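Have the coordinates open as you read.

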Amino acid sequence: MGIVAGLDSSSAFTRIVVCDTDTGAVLRQGYAPHPVEPKATEVDPQAWLLSLGEAAAGGLLEGVQAIGVAAQQHGLLPLDGQGNLVRPALTGNDKRAQVAAADLVDGLGGREAWAQAVGCVPQAAQAVAKLRWLARDEPDAAKRTAGVLQAHDWLVWQLLGRPARRTTDRGAASGTGYWSAATGFYRPDLVELALGHQVALPEVLGPSDAAGTTPEGLLISAGTGETMAAAFGLGVGVGDAVVSLGASGSVMAVHHEALADPSGMITSFADATGMHLPVVHTSNAVRALRGTAQMLGVDDLAALSDLALTSTPGASGLVLLPYLEGERTPQLPHAAGTLTGLRRESMKPEHLARAAFEGMLCSLADALDVLRGRGVEVRRVFLLGAAAELPAVQAVAPALFGTQVVVPQPAEYAALGAARQAAWALGVARGALAAHTPPAWQGASAQVFEPGEELAVGQAVRQQYIATRDEIHPGAFGQGA
C-alpha cells in the first residue's frame with residue numbers, strides 16, 4: 001500500500017485529496033481559496049502557490065509518495081528566456097481575445113482548416129488566441145516571450161524546482177489550439193501565425209509518464225487539465241458521456257479517435273488515459289432554469305423542479321428553445337429564446353416550469369446527437385453539476401437522452417483524477433503497473449436512472465422540440481441533429 005495526492009488548482013481555489021494507491025480511498029483532504037478574484041482575467045501565478053501551500057498545511061502531504069496536478073485550462077503564462085513571467089498569467093475567463101480568435105480563423109483559411117489542423121476552431125479562451133492578442137495589443141511583451149506554459153504545466157515545473165525540462169500532457173496540450181490530438185504533434189507554424197515568432201513549447205508526456213522527481217524523492221506525474229482529470233476521476237470509458245450542467249452546458253464523451261469537425265461545434269480534446277474527449281458546448285443550460293424561476297417568481301430551482309413535476313410530459317404543448325444568450329450548438333450566436341405552443345390551457349406556471357426543464361435537456365440532447373452523428377457511442381450519460389440533483393432533471397433526462405443516466409454523488413473528481421494519475425505513474429515507476437493500464441480504483445458512488453416505460457413519451461417530447469427548432473431555425477444543424 002502507498003499514498004498519493006491529487007491537486008486541483010481551479011480558477012478560484014486549490015483542493016488536495018490524499019488517497020490510498022490501491023483503492024483510491026480518500027484518506028484526508030485540504031482546501032484553500034486563491035487570494036484573487038474568482039473571475040480574474042489576469043493573475044500572478046504565485047497566488048496559486050500560496051493557495052497550494054495553505055491547502056497542504058498541517059502535514060497533509062506527510063507520507064505521500066507521488067502527486068498529480070490538475071489545473072484550470074486555457075490559461076497562458078508567457079515566459080522570457082530565463083523562465084520569468086513576461087506579464088501576469090492570462091486566464092480562461094479573459095474574453096479580450098475574441099477578435100484575435102476570429103483573425104486566426106481567417107488567417108489559416110477558415111474553420112475547416114483549423115478543424116483539420118488541430119481538431120478545434122480558435123476561441124478566445126485558448127492559448128493560441130491569447131498569443132495573437134498579445135502580439136497585437138502588447139507587442140513588447142510578445143517580443144520578449146520565449147516560452148509558453150499553461151497553469152498545470154507551470155505548477156508542475158515549480159514543484160520540480162524549475163528544471164530545464166518543461167512538460168505538459170496530451171489533455172492540456174489539446175486545449176491550446178496549436179497541438180493536434182489526432183497526430184500527437186505540435187503545430188509550431190500556428191504559434192508563429194499567432195505570435196509572429198517561434199517559442200519553446202513544453203514536452204508532451206504520455207498518460208502514465210512522470211514529469212520528474214523532487215530532490216526529496218517525491219514523484220510528480222504528468223498532470224492534466226481539470227476536464228480530463230475529472231473524467232479520469234469519474235472513471236468514464238468508451239460508451240460514456242458526461243453532461244455538465246452549469247450556467248452554460250457541455251457534453252463530452254470518451255472516444256477512440258480524434259474528431260475533426262468543420263462546423264467547429266466539436267472540440268477534439270485528448271483525455272488523461274490515451275483516448276480522446278470530443279466536447280460540444282452549449283451557451284445555455286441552468287441559466288434557462290434560473291430565468292424561468294425569476295419569471296414565475298419562484299424562490300429557487302428546487303421549487304421550480306417541484307412545480308415542473310406537477311405538469312405532464314410535453315408541458316401541455318409548450319416548447320422552450322433556451323437560446324437566451326445566443327447559442328453555440330447549434331451555431332446561433334445572435335438568437336434569442338423562443339416559447340411556442342401557447343394556448344389558454346397551457347398558460348399555467350407548472351407548464352412553463354416543465355418546458356424549461358425539457359428545453360434545457362433537449363438542447364443538451366442536441367449536443368449529444370452531434371457526437372452520436374460522428375460515430376461516438378453513448379450507452380450511459382453522467383450528469384454533473386448542482387442541477388443534476390433536481391428531481392425534475394432526474395425524472396426527465398433518461399427519456400430525453402434515450403439512455404441510462406448516472407448522477408454521481410458530489411466529490412472532488414478533478415483532484416481524484418489527478419491522484420489516480422499519480423498512482424499510475426508511481427506504479428509504472430515501480431514496475432507494479434503497465435504503462436497502458438491505469439489503477440482500477442472504485443468508481444464513483446451514484447444514483448442510476450433508466451428510461452424505462454417513459455422512453456416513448458420522452459422521444460415524442462424530443463421530436464416536438466426538434467420540429468419547433470427546425471421551424472424557427474431551419475438548417476441550424478444542416479440535415480438535422
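## Salt bridges and surface

Glu-358 comes out as buried, at 5% relative accessibility. Keep in mind that this is a predicted model. The partner of Glu-358 is Arg-354, and their side chains meet in a salt bridge with N to O at 2.9 Å. Both residues sit in helix α12, 4 residues apart, or about one turn of the helix. Arg-354 is buried too, with a relative accessible area of 10%, which is under the 20% cut-off for that label.

Salt bridges that share partners also build a network: Asp-366, Asp-369, Arg-372, Arg-462, Arg-469 and Asp-470 are joined into one.

How many salt bridges does a search of the whole structure find? The count is 17. As a reminder, side chains of opposite charge can pair when their charged atoms come close.

| Salt bridge | Closest N and O atoms |
|---|---|
| Arg-87 and Glu-138 | 2.6 Å |
| Arg-380 and Asp-240 | 2.5 Å |

Take Arg-380 and Asp-240, which form a salt bridge. Arg-380 belongs to strand β22 (residues 378-384) and Asp-240 to strand β16 (residues 239-245), so this pair ties together parts that are 140 residues apart in sequence. Arg-380 is partly exposed, with a relative accessible area of 29%, whereas Asp-240 is buried at 6%.

Next, Arg-87 and Glu-138, also joined by a salt bridge. Arg-87 is in the loop between β6 (77-79) and β7 (89-90), while Glu-138 is in the loop between α4 (127-137) and α5 (139-144), so the pair ties together parts that are 51 residues apart in sequence. Arg-87 is buried, with 8% relative accessible area, and Glu-138 is partly exposed at 23%.

Now the cysteines. A disulfide is a covalent bond between the sulfur atoms of two cysteines. How many disulfides turn up in a search of the whole structure? The search finds 0. Cys-19 is buried, with a relative accessible area of 0%, and Cys-120 counts as buried at 3%.

Finally, the surface. Leu-339, Leu-342 and Met-347 make up a nonpolar patch there, with about 290 Å² of accessible area together. Where does Met-347 sit? Its place is in the loop between β21 (338-340) and α12 (349-372). Is Met-347 buried or exposed? Met-347 counts as exposed, because its relative accessibility is 53% and the cut-off for exposed is over 50%.

How values were computed
Residues numbered from 1 in each chain as written. Predicted model: local features only at pLDDT ≥ 70, side-chain atom pairs only at ≥ 80, totals over all residues. Heavy atoms only, no water. Disulfide = S-S within 2.5 Å. Buried < 20%, exposed > 50% of the residue type's maximum accessible area, 1.4 Å probe, protein only. Patch = residues over 30% accessible without salt bridge, like charges linked within 9 Å, V, L, I, M, F, W, Y side chains within 5 Å. Areas by Shrake-Rupley, 256 points an atom, 1.4 Å probe, with all protein chains shown as cover. Salt bridge = Lys/Arg side-chain N within 4 Å of Asp/Glu carboxyl O. Helix = DSSP H or I, 4+ residues; strand = E, 2+ residues; numbered from the N terminus.
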